[in-house]
Amino acid sequence: MNFLRRGPAARKQGPVQRKVRGRLFLKYVTLFVTVVCLALLSNDILQLRFSTRDYTAMSIRIEQGQAETAAVKIGQFVTEIEGQIGWIAHLAWTDSTPDEWRFDVARLLRQVPPIIEFAKVDASGRERLRISRFAPEVVGSLTDRSKEPAFVEALANKAYYGPVYFRVESEPYMTLSIAGVRRDAGVSVVELNLKFIRDVISQLKLGNGGRAYVVDAGGRLIAHSDLTMVLNRTDFSQLGHVRRALAHVSAKWDPVRGQGHAPTRELTALPGDIGSPNDPISPGSAVGGGSTGPTDDETATEDINGRQILAAHAEIAPLGWRVFVETPVEEALAPLDAATRRTGLVLVAALIFASLAGLFLARRMVVPIRALVSGAARIGSGDLGQRISIRSGDEFEILGAQFNSMATQLQDSYATLERKVDERTRELELANLAKSRFIAVASHDLRQPLHALGLFVGQLRGHVESIEGRQLVERVDGAVVNMNELFTALLDISKLDAGVLVPDLTEFPVDRLLKRMEVTFAAIALGTW
């Protein structure tokens, strides 16, 4: 006997289902993939940023090393020329004959190709000898050069480095004068061709787009890997990184006197770490440009062609010049392109793996939930024999076991209830049968007194003559008839309970029943009884 019955409305509507906004499976897969992708993407972005800074720093360190190496070589180039001039500079004009002077100068020009002209000025500032590679020699001209900076500064400071100039709008030159140890030795003045510095610059390995060049204290180009720019006397002083570097040179270097402190090795600063925009750039610092770090003038710069570059420089001792090394940002960061592509492939692979892992994990989570929902629905519909089978080894399996335990307890409870109801039903049936038997026996026993009472009423009707008496006898007779019918009805009810009679439902006039009721209860209602 099944007691899990629904009412008519419940059977009509069926189980109530709530509207869901999305499948749990898709939610968990999307959440898992999103979390994994965000973690990987954040890591890749940070790694790319740090890698960019590392590559930038490495490129600048390489540039700085190349610039310092070139500065040292150029400084040694000038120092060696000074040393080779020194042995002849310390001689007085009167120490040798003109022929000996010609021989010594010719040997000097042969040993030092950058020297294109040599002049000997005595202690009074008179030119005694001038020998040039491109002009006739002049001996004993006695030209007064005592007011020239080459003579005055050399006597005062033992050496003079003149400004760079261009002869016949061609190659760059400079004047170098050395004073002798003795006062009567005078001053030896040489003109140097600076195109030989280009050999030092051209030996630097700068990649495809890299450039190296040398500028003087005024920002004018002295040497460049592209000789055309040197011959065109290109002015680099308007470039931001050159202007900032030269600002420190001018603060401690006098290009006319050729005096000052000029270190050959200087510090390197990285883009974004140089300081505030108001801080001047430190000597020997590197200047970077492009997408890394801030883009203010302290950390980003452009070359003469407007390209974004990373640049480093070093000062040349003892001239006060600067060697600049530049590398385009895209070339310096080119290794990051391959790394970025690899990172993209790894990200795609991780996305695919995360999707598969999310599908697997979500399935392991959603399948037990669906089994629980289905089992609970069947148990709720009355199928108490339904059992949920989950073998996940986690909380879902424990929950499924609890559902099964609940269903077992409900099944046992309803089975016990059905047995008790059956027992009570059988007891009621036995009691009803006993009642029916009692009524049948009682109605049979009571019929004899009623029959006698009817006989007595019939005899009484012959002895009563008054109208009131006859009415009373009629009422008594009606009551006896009604009592007889009641006992007959009780007997019929007992027969119906016993299953002996089958009811025959039909229509009948109700007025007869009402008249009987009137006869029975009229006197009581009128108060005449």
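Q: Which side chain does Glu326 have a polar contact with, and at what distance?
A: The side chain of His241, at 2.9 Å. Bear in mind that this is a predicted model.

Q: What secondary structure is Glu326 in?
A: Strand E15, which covers residues 321-328.

Q: Is Glu326 buried or exposed?
A: Buried, because its relative accessible area is 4% and the cut-off for buried is under 20%.

Q: What else does Glu326 touch, leaving out residues up to four places away in sequence?
A: Besides His241, the contacts are Glu63, Gly210, Arg211, Tyr213, Asp303, Ile309, Leu310 and Ala311.

Q: Ile309 is on that list. How far apart are the C-alpha atoms of Ile309 and Glu326?
A: They are separated by 6.3 Å, with the two residues 17 apart along the chain.

Q: Buried or exposed, and why?
A: Asp104 counts as buried because its relative accessibility is 12%, and anything under 20% qualifies.

Q: Which residues does Asp104 touch, again leaving out those up to four places away?
A: Trp87 and Ile88.

Q: Now the nonpolar packing. How many residues are in the largest core, and which touch the most other members?
A: There are 44 residues, and those touching the most other members are Ile85, Ile115, Ile197, Val214, Trp321 and Val323.

Q: Which helix gives the most to this core?
A: Helix H2, residues 24-89, with 10 residues.

Q: Is there a second core, or what else is there?
A: A separate core of 12 residues, with Phe166, Met229, Val230 and Phe324 among them.

Q: Back to Ile115. What does it touch beyond four places in sequence?
A: Ile81, Ile85, Leu108, Leu109, Val190 and Leu192, along with Arg133 and Glu191.

Q: Where is the kink in helix H12 centred?
A: On Thr520, with an angle of about 45°; the helix runs over residues 511-526. Just after H12, Gly527 has a positive phi of about 75°.

Q: Overall counts, then. How many helices and strands?
A: The protein has 12 helices and 15 strands.

Q: What share of the residues is buried?
A: 36% of the 529 residues.

Definitions and conventions: Residues are numbered from 1 along each chain as its sequence is written. This is a predicted model: local features need pLDDT of at least 70, side-chain atom pairs count only at pLDDT 80 or more; totals for chains, interfaces and linings use all residues. Side-chain values use heavy atoms; hydrogens and water are left out. Helices (H or I, at least four residues) and strands (E, at least two) are DSSP runs, numbered from the N terminus. Buried means under 20% relative accessible area, exposed over 50%, partly exposed in between (1.4 Å probe, protein chains only). Contact means heavy atoms within 4.5 Å. A polar contact is a pair of N or O atoms within 3.5 Å; within protein, one must be able to donate a hydrogen and the other to accept it, and residues adjacent in sequence count only if both atoms are side-chain atoms. A nonpolar core is a set of buried Ala, Val, Leu, Ile, Met, Phe, Trp, Tyr and Cys residues joined through side-chain atoms within 4.5 Å. The bend at a residue is the angle between axes fitted to the seven residues ending there and the seven starting there.
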